[in-house]
Structure formats: structure tokens, C-alpha cells
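Here is a quick tour of a two-part protein model, from single residues out to the place where the chains meet. Have the viewer open as you read.

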Amino acid sequence: MENIANIFVKSIFVDNMIFAYFLGMCSYLAVSKNVKTSLGLGVAVIFVLTITLPVNYLLENFVLKEGALAWLSPGLASLDLSYLAFILFIAVIAAMTQLVEMVVEKFTPSLYASLGIFLPLIAVNCAIMGGSLFMQQRAFNNIGEATSYALGSGIGWMLAIVGLAAIREKMEYSDVPKPLRGLGITFITVALMAIAFLAFSGLKI
Amino acid sequence: MSKLFSAKTKEVFLGPLSKNNPIGVQVLGICSALAVTAKLEPAIVMGLSVTIIVAFSNVIISLLRNTIPNRIRIIVQLVVVAALVTVVSEFLKAFAYDVSVQLSVYIGLIITNCILMGRLEAFAMSNKPWESFVDGLGNGFGYAVVLIIVAFFRELLGSGTLYGIRIIPQAVYDAGYMNNGLMLMPPMALIILACVIWIHRAKNKDLQEK
């Protein structure tokens with residue numbers, strides 16, 4: 001239990017998807033122009049990450065890893081399918097996004113209306129795929145740890161995008177040198193935020 | 001030869017190197033670009049891998065473009081890209097294991113690199129295979145160039161080496177010079193990239209925003 005809480009806090013602050021690994025940068029820069037839409041995208045990322053990561057965890061541990069198929073028959077114990085990981089992970093992510101989109105549309109039309117355009121885009125968000133690949137690399141002990149990692153990373157991502165959007169809204173009124181306007185100054189802002197987040201490194205519960 | 005490199009193909013190839021650079025102007029593929037640039041070697045390997053994958057996935061999608069149903073095209077594109085990335089990743093594991101360990105998850109993340117989806121959607125879906133191949137090469141090189149510039153400064157100032165070879169002599173260290181450790185931290189990649197964009201846009205006035 002302690003471990004789960006630790007992973008959760010660490011993935012929000014220390015191993016932040018944006019500030020430590022630059023994952024999901026494309027949509028992060030494109031959609032962070034105002035707080036409301038960035039909040040919507042953030043919620044959608046948390047949602048999809050928390051659903052796809054445990055599914056990929058099960059896939060990794062019961063199908064792909066070396067010897068993972070032993071539960072099916074002992075003859076398969078030496079099989080190592082991990083080279084299929086990329087294709088299967090991305091297929092799961094694309095399918096899950098589609099599924100989540102349909103479920104949300106059916107049961108909560110209001111949420112669908114506010115997330116609408118962002119949901120299909122999330123299939124190609126590096127943060128989702130990155131989450132699954134980090135899960136594979138870190139070899140979590142059980143599905144609880146994987147889920148808390150997913151939830152924490154999603155929340156960290158949302159925190160980052162909402163923070164940047166708030167800063168960019170204010171920056172509209174400042175006089176930035178012409179060549180730096182837009183992309184350049186946004187990068188510098190993100191860098192300063194990332195330096196601030198370095199203060200959390202080594203944090204442990 | 002003259003037919004292969006018509007004025008249009010030349011434009012398609014040279015455009016992404018500067019005027020239409022995938023990172024500086026189209027804002028694509030930043031996700032993986034920043035994390036691998038602490039050292040020159042992984043940056044070059046990453047640039048080459050992306051170039052190869054963009055060029056060949058462009059050709060494959062361009063060949064298939066008339067047979068792919070419009071509704072499931074994203075999934076088809078993802079599968080083609082994922083297959084190519086798997087090939088490159090296995091190749092690196094076999095022939096350049098150290099680099100593939102340094103690149104860790106970022107090789108896998110080429111699948112969701114926006115340059116790929118961006119070029120496939122914007123170019124390969126509506127152009128012939130040869131032009132698509134050239135477009136892929138151009139965009140791959142445009143991406144690699146930015147990666148190499150950023151990695152050059154980070155490695156030189158952060159560790160005093162280039163491609164693993166010591167550049168700043170020991171005498172300078174003895175005189176009190178120190179490596180800038182911050183250069184190896186993630187935030188500096190963003191700041192150097194911002195400076196590259198700054199210089200690039202100061203030179204090309206038409207790229208400035210507003």
C-alpha cells in the first residue's frame with residue numbers, strides 16, 4: 001500500500017510526464033492556449049491513461065513477457081513475444097480510445113460534448129504510449145502499482161498543461177521580442193516550469 | 001536523373017530543412033526530440049531512425065493510399081509505422097545495443113511521433129510514392145539537423161566532449177573551468193531549442209507569429 005502511494009506521488013511530481021520526459025509535447029503545446037480546453041484535454045488524458053495502462057499491464061504479464069504464456073500450457077513457457085509489444089500496445093490504445101469515445105458518447109453526452117474533439121487525438125498522444133512503455137521497463141509488481149502509476153502520470157500531465165495555459169493567457173499582454181513570439185517563449189516558459197519541478201527530485205513518502 | 005529531381009521534388013526535399021522545418025515551424029515531433037539530446041551519439045541515431053521510418057512509411061502508405069478506407073486510415077497508418085519501428089528497434093538492439101539502452105522508450109515512441117502521422121496525413125495520402133519518399137527524407141533530415149544542433153551544445157557545455165571524444169582540454173579544467181551540469185538536465189534542451197527557433201525566426205521574418 002505504501003509503495004502504491006509512493007508511486008502515485010512520484011509520478012505526479014518527480015517523474016512528471018512533461019517536465020522530466022517531454023511526453024505528449026505536441027498536443028501540450030498546441031492546446032495550451034486557454035485554461036478551459038486544456039482542462040478538458042487533461043481530463044481526457046487521465047481517463048484514457050488509467051484505462052489503457054492496466055490493460056497493457058495484463059497483456060505484458062500474461063501474454064508478451066518471456067514465459068508469460070506458461071499459464072496456458074507448460075510447453076509455451078520458453079516463448080518470448082516481447083517484440084510484438086509495440087504493435088499490440090498501440091492497437092490496444094487505438095481500440096480503447098475508440099471504445100471510451102463510444103461509451104462516453106452514449107452515457108454522458110455532456111462530457112462527450114466538452115471532450116469531443118480531443119478523444120480521438122489521444123490515440124497518438126505520446127504520453128499514453130510512453131506510459132505503457134515505461135510500465136514495461138519498470139516491471140511493476142502488481143496491477144495496483146501500474147494503475148496508480150497511470151493515474152499519477154495523468155494527473156501530473158494535467159497539472160502541467162493547466163499551469164502552462166494559465167501562464168500563456170497572461171502572456172498575451174506582455175511585449176515579447178518578435179522572433180520569440182509564440183513557440184519560442186512557450187519553450188522558455190516550459191523550461192522554467194521544469195526547473196521549478198526539479199525541486200521535487202528525491203521526494204519520497 | 002533530371003526527371004527524378006524535378007523542381008517540385010527538390011522543393012519537397014529542401015523545404016523541411018529550413019523554411020518548413022518539422023520541429024521549428026510545423027511544431028511536430030517535439031516529444032522525443034528533447035529527451036535524447038543530452039549526448040550527440042543517441043541524437044544522431046535517433047535522427048537516422050526517424051528519417052528511415054518516415055521515408056519508408058511514407059512510401060508504404062502512398063502505395064496503399066487508394067485502397068485504405070478513409071474511416072480506419074489512422075489505425076492502418078499506426079500499424080504500418082509500428083511494424084517499421086519494431087524492425088528498427090530490433091536492429092538497434094542487435095547492432096548498437098548501448099545506444100538502444102540510452103534511447104530506452106524513445107525508440108518505441110517514434111510510433112506516436114507526430115512527424116510521422118503529420119507527414120502521412122498531409123503528404124503521403126495524396127502524393128505518389130517517389131515524392132513521398134523524398135518528403136520523408138527531407139522531413140527526417142530536418143528533424144535530425146535540429147536534434148544534432150541541440151545535442152552539440154548540450155554535450156559540449158555539459159560534459160566537455162563531442163561524440164564521446166574529449167574536446168575541452170584538461171588544462172582548461174585545471175584553470176578552474178567546470179562542466180555545466182544543468183546542461184544535462186531536461187529543461188536546458190527546451191531553452192536551447194528556444195534559442196535555435198529564435199535565431200531561425202530572426203533570420204526568416206516571414207515565419208514570425210503575429
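## Starting point: B:Ile74

B:Ile74 sits in helix α4 of chain B, where helices (H or I, at least four residues) and strands (E, at least two) are DSSP runs numbered from the N terminus. Its relative accessible area is 37%, so B:Ile74 counts as partly exposed; the scale calls a residue buried under 20% relative accessible area, exposed over 50%, and partly exposed in between (1.4 Å probe, protein chains only). Between B:Ile74 and B:Asn21 there are 53 residues of sequence separation and 24 Å of space, taken C-alpha to C-alpha.

A word on ground rules: this is a predicted model, in which local features need pLDDT of at least 70 and side-chain atom pairs count only at pLDDT 80 or more, while totals for chains, interfaces and linings use all residues. Residues are numbered from 1 along each chain as its sequence is written, chains are lettered from A and ligands numbered from 1 in the order in which they are written, and side-chain values use heavy atoms, with hydrogens and water left out.

## Where the chains meet

How many residues does each chain bring to the contact? Chain B brings 41 residues and chain A brings 38 residues, with contact meaning heavy atoms within 4.5 Å. The buried area between the two chains comes to about 3,500 Å², and carbon and sulfur atoms give 81% of that. Buried area here is the accessible area (1.4 Å probe) that two parts lose on being put together, summed over both. On chain B's side, B:Cys31, B:Thr112 and B:Leu190 supply 16% of the area that chain B buries against chain A, more than any other three residues.

Between chain B and chain A the salt bridge count is zero, and there is one residue pair in polar contact (both at pLDDT 80 or more). A polar contact is a pair of N or O atoms within 3.5 Å; within protein, one must be able to donate a hydrogen and the other to accept it, and residues adjacent in sequence count only if both atoms are side-chain atoms. The elements giving two or more residues to chain B's side are α2 (30-35), α4 (73-95), α6 (105-108), α7 (114-122) and α10 (186-203) of chain B. α10(B) gives the most, with eleven residues. By class, that side of chain B has 29 nonpolar, eight polar and four charged residues, where Ala, Val, Leu, Ile, Met, Phe, Trp, Tyr, Cys and Pro count as nonpolar, Asp, Glu, Lys and Arg as charged, and the others, Gly among them, as polar.

## Salt bridges

Side chains of opposite charge can pair when their charged atoms come close. A salt bridge is a side-chain nitrogen of Lys or Arg within 4 Å of a carboxyl oxygen of Asp or Glu, and the whole structure has three of them over all chains. One joins A:Arg138 and A:Asp15, with the closest N and O atoms 3.6 Å apart. That pair links distant parts of the chain: A:Arg138 is in helix α7 of chain A and A:Asp15 in the loop between α1 and α2 of chain A, 123 residues apart. A:Arg138 is partly exposed at 30%, whereas A:Asp15 is buried at 17%.

A:Asp175 pairs with A:Arg181, the closest N and O atoms being 3.4 Å apart. A:Asp175 is exposed at 70%, and A:Arg181 is partly exposed at 23%. In chain B, B:Asp135 bridges to B:Arg119 at 3.0 Å between the closest N and O atoms. This pair links helix α8 of chain B (B:Asp135) to helix α7 of chain B (B:Arg119), 16 residues apart. B:Asp135 is buried at 2%, and B:Arg119 is buried at 10%.

B:Asn139 is in helix α8 (residues 129-159) of chain B and counts as buried, at 0% relative accessibility.

Over in chain A, which residues have a positive phi without being glycine? A:Phe22 has a phi of about 55°, and A:Ala139 has one of about 50°. A:Phe22 lies in the loop between α1 (2-13) and α2 (25-31) of chain A and is buried, at 2%. A:Ala139 is in the loop between α7 (126-138) and α8 (143-171) of chain A.
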